[in-house]
Amino acid sequence: MLLTRRSFLGGMTLTLAGTGLPAATRELILAPQAIKARFAGHDVSMLGFNGGLPGPEIRVRQGQTARITLDNRLEEGALVHWHGLRVPNRMDGVNVLTQDAVIPGASFRYQFGAPDAGTYWYHSHYLSYDQVSRGLFGAFVVEEQTAPAVDHDIVVQFFDVLLDGSGQYDEAFNPAHFATEGRIGNIVTTLVSNGTGKIVKRGDRLRLRLINPSIDRVYRVGLDGLAGKIVALDGMPLVHPQTLEPILLAPGQRCDVIGDATGPVRFKDSFGERTLSLGEITVSGSRDPSKSPIIALPANQMPAPKDPGQTAELVLQGGAGRASHSGTGTWALNGVSGLPRSPFLSVKQGTTARISIRNETGFPHVMHLHGHHFWELDAAGRTGAYRDSTYLDVGEVRDILVVLDNPGAWMLHCHMLSHQADGMATWIRVG
Ligand code: C2O
Ligand code: CU
């Protein structure tokens, strides 16, 4: 077989000449650098990958290997984390725990397989509250071997930015930002990328991949103009697609929706007191909608849970007006603020753990585990959605069940990145 390869930066898949099949390896370069982005009529100094905010949409086929070179063109350290992907530990991109920061001018090659189809994303994991808020993130899509038939596959990212009085990125993170609900931007931008590039018609079937890369802002995303179902959460297919209702999307979380456009598709956020318009996908022309039902996406192969060999409690503490704890940050997990020297849990590879998470703070949080997905359990202990980030409102308790089968040191932290920076982080050792 002829193995002539051509590689392109961003957006394109490496193909084997002549066959039209995707090559076994998807290669690209990700170069973080200073850029200008347009917000509210201003050219704002931000950061981006390969010149863009968001970074290039990375697409691989399920089972393909990604080989991605981080080429650091910043004047500070850089690291990339592949959020939600089950990668080998040394490819996880976490400062201290899995690798040292890549210094300015240096590069690092990440290589990992993509066992699970779905909607994921990548972002800086070096001073992430700052670097992500300045724009270092992008979508990472793993396409199904047999994808559902849709007319458009569209990534939608809701990102907020805090601009100062002169319309520039506000560099100041003040203590109140860290100790309360986080640093909430005064501009929300909806970043839409339509993979097919075709104009959307009324009646077309759409797959929307919603991602929240905002550092601290939670959205409750309502969709007008779409008749459809929620088919995946945090990348993982729902066994039973759910009725399309406003979707809670905390930082780091994703949601896939498949539906037929009944008009312009309008996004609105109802998480706060007021409903905020988040923008729309316009339609032009119309056609008869597909008659085929919206069914579940093909399941990914997930580990089978056993009876928990390990149970643990994780108590979220601290924040404005709360009692003190050890460590230097505002937030704490089980009495300790900041990444502890020894892990919160240390288990043999393959152990099923049930972790009870209790939010004793006065603010909501979203806890994210690296390298694994977990089941949210309901009060009766039945398994619900299989996710990588779980949202806990004030006073809420949630148990999760996780098969810890990926060896290494894995971070477990609040994905409100101001909270993570201010102490709400721990880790688990597997194997
Ligand atoms: Cu998306 Cu530790 O992060
Ligand atoms: Cu938090």
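Is Phe112 buried or exposed? Phe112 is buried, with a relative accessible area of 3%. The model is predicted.

## Aromatic pairs

The structure holds 15 aromatic pairs. One of them joins Trp82 and Tyr122, whose ring centres are 6.0 Å apart. Their planes meet at 40°, so this pair counts as tilted. It links distant parts of the chain. Trp82 belongs to strand S6 (residues 80-83), and Tyr122 belongs to strand S8 (residues 118-124). The two residues are 40 residues apart. Trp82 is buried because its relative accessibility is 0%, below the 20% limit. Tyr122 is also at 0% relative accessibility, and therefore counts as buried.

Phe112 and Phe140 make another pair. Their ring centres are 6.0 Å apart, and the planes lie at 40°, so the pair is tilted. This pair, too, links distant parts of the chain. Phe112 sits in strand S7 (residues 107-113), whereas Phe140 sits in strand S9 (residues 137-143). They are 28 residues apart. Phe140 has a relative accessible area of 0% and is buried. The figure for Phe112 is 3%, so Phe112 is buried as well.

## The aromatic cluster

Which residues form one aromatic cluster? Phe49, Trp82, Phe108, Tyr110, Phe112, Tyr122 and Phe140 do.

## A charge over a ring

Phe173 takes part in a contact with a charged residue. The charged end of Arg183 sits over the Phe173 ring. The distance to the ring centre is 4.0 Å.

Strand S7, which holds Phe112, belongs to an open sheet of three strands. The strand order is S1-S5-S7, and the pairing is mixed. Strands S1 (25-30) and S7 are the edges, each pairing on one side only. On average, neighbouring strands in this sheet are turned by 15° against each other, direction ignored.

How many bridges join strand S5 and S7? Seven bridges do, and the two strands pair in the antiparallel sense. Strand S5 covers residues 65-71. Arg67 has Gln111, in S7, as its bridge partner. In general, strands of a sheet pair through backbone hydrogen bonds, either parallel or antiparallel.

Key: Residues are numbered from 1 along each chain as its sequence is written. Chains are lettered from A and ligands numbered from 1 in the order in which they are written. This is a predicted model: local features need pLDDT of at least 70, side-chain atom pairs count only at pLDDT 80 or more; totals for chains, interfaces and linings use all residues. Side-chain values use heavy atoms; hydrogens and water are left out. Rings of Phe, Tyr and Trp (its six-membered ring) pair if their centres lie within 6.5 Å; planes under 30 degrees apart count as stacked, over 60 as edge-to-face and the rest as tilted. Helices (H or I, at least four residues) and strands (E, at least two) are DSSP runs, numbered from the N terminus. Buried means under 20% relative accessible area, exposed over 50%, partly exposed in between (1.4 Å probe, protein chains only). A charge sits over a ring if NZ of Lys or CZ of Arg is within 6 Å of the ring centre and within 35 degrees of the ring normal. Two strands pair if DSSP finds at least two bridges between them. Axes are lines fitted to C-alpha atoms, for helices over the stretch in contact, and angles run from 0 to 180 degrees between N-to-C directions.
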